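Hello,

Here is the structure to look at, and my notes follow below it. Please read them with the structure open.

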Amino acid sequence: MPSTTTDTAAGPSPTPVGRRERKKAATRQAIADAALHLFLERGYDEVGIREIADAADVSTTTLFKHFPVKEALVFDEDSDQETRLLAAVRERPKGQSIPAALREHALTTRLADTGSDAGFTAFTNLVAGTPALRDYAQNMWLRHTAALAQAIAEESGLAAGDPVCAALAHFALEAPRAAYPHDNPRKAITRAFDLLEHGWSALTQIKA
């Protein structure tokens with residue numbers, strides 16, 4: 001999956017990766033690159049697993065060792081995805097509400113705009129236009145619901161198990177999928193988060 005962020009901060013030197021691990025990573029990347037190229041060229045539903053394996057010069061058995069289902073070929077398991085999601089809440093500008101911070105995160109990571117690079121735009125259009133990929137992507141996002149609810153609770157001063165926090169987390173992650181069918185997804189997402197903003201403000205004021 002193309003990334004929309006670039007990490008330029010200095011940090012500790014990474015642990016050296018062994019030759020076997022480097023080879024596995026290179027094979028996985030070659031398969032993913034071949035798959036995405038074919039999907040973008042011809043459409044997800046028009047490309048078969050064997051074609052992808054041939055393009056990556058691997059067997060179908062090797063392909064399935066790295067990617068157990070076809071949908072997984074489009075998405076890398078981005079270990080930083082959850083980190084960036086939680087940072088959107090914890091590192092939001094002073095005075096910005098939690099729903100507003102999550103709206104900005106959704107608009108920048110789930111949708112392409114005129115400022116996006118061509119690769120990210122093509123990727124998001126592929127996902128948005130393919131029901132199987134939309135569902136798979138959504139399931140990937142929803143696995144972060146519990147962690148997001150915890151961060152919301154911490155930032156708002158509510159109890160960790162408060163269902164209000166879980167509800168906001170769930171609906172914030174669900175909103176982008178609901179917006180995909182609309183002619184203007186960005187406007188649809190914004191309106192969805194307006195609803196979350198009003199509901200969140202009302203509930204937190206009551207609890208205050």
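Leu-73 counts as buried, because its relative accessibility is 3% and the cut-off for buried is under 20%. Please keep in mind that this is a predicted model.

Leu-73 sits in the loop that links α3 (60-66) and α4 (81-90). Which residues is Leu-73 in contact with, leaving aside its neighbours within four places in sequence? They are Ile-31, Ala-32, Ala-35, Phe-39, Ile-49, Ile-52, Leu-63 and Phe-67.

The annotated region

The UniProt record, an unreviewed entry, carries the annotation "DNA-binding region" for residues 48-67. Over residues 48-67 the chain is 75% helix and 0% strand.

Helices α8 and α9

Two packed helices are described by the angle between their axes and the distance between the axes. For α8 (residues 145-156) and α9 (residues 163-179), the axes come within 8 Å and cross at roughly 125°. The two helices are therefore oblique to each other, and their crossing is right-handed.

On the α8 side, the residues that meet α9 are Thr-145, Leu-148, Ala-149, Ile-152, Ala-153 and Ser-156. On the α9 side they are Cys-165, Ala-166, Leu-168, Ala-169, His-170 and Leu-173. How many residues of this contact are nonpolar, polar and charged? There are 9 nonpolar and 3 polar residues, and no charged ones.

Regards

Terms used:
Residues are numbered from 1 along each chain as its sequence is written. This is a predicted model: local features need pLDDT of at least 70, side-chain atom pairs count only at pLDDT 80 or more; totals for chains, interfaces and linings use all residues. Side-chain values use heavy atoms; hydrogens and water are left out. Helices (H or I, at least four residues) and strands (E, at least two) are DSSP runs, numbered from the N terminus. Buried means under 20% relative accessible area, exposed over 50%, partly exposed in between (1.4 Å probe, protein chains only). Contact means heavy atoms within 4.5 Å. UniProt positions are given in the numbering used here, feature names are shortened, and annotations may be inferred rather than shown by experiment. Axes are lines fitted to C-alpha atoms, for helices over the stretch in contact, and angles run from 0 to 180 degrees between N-to-C directions. Angles under 35 degrees count as roughly parallel, over 145 as roughly antiparallel, 65 to 115 as roughly perpendicular and the rest as oblique. A crossing is left-handed if the near helix is turned anticlockwise from the far one by less than a right angle, and right-handed if clockwise. Ala, Val, Leu, Ile, Met, Phe, Trp, Tyr, Cys and Pro count as nonpolar, Asp, Glu, Lys and Arg as charged, and the others, Gly among them, as polar.
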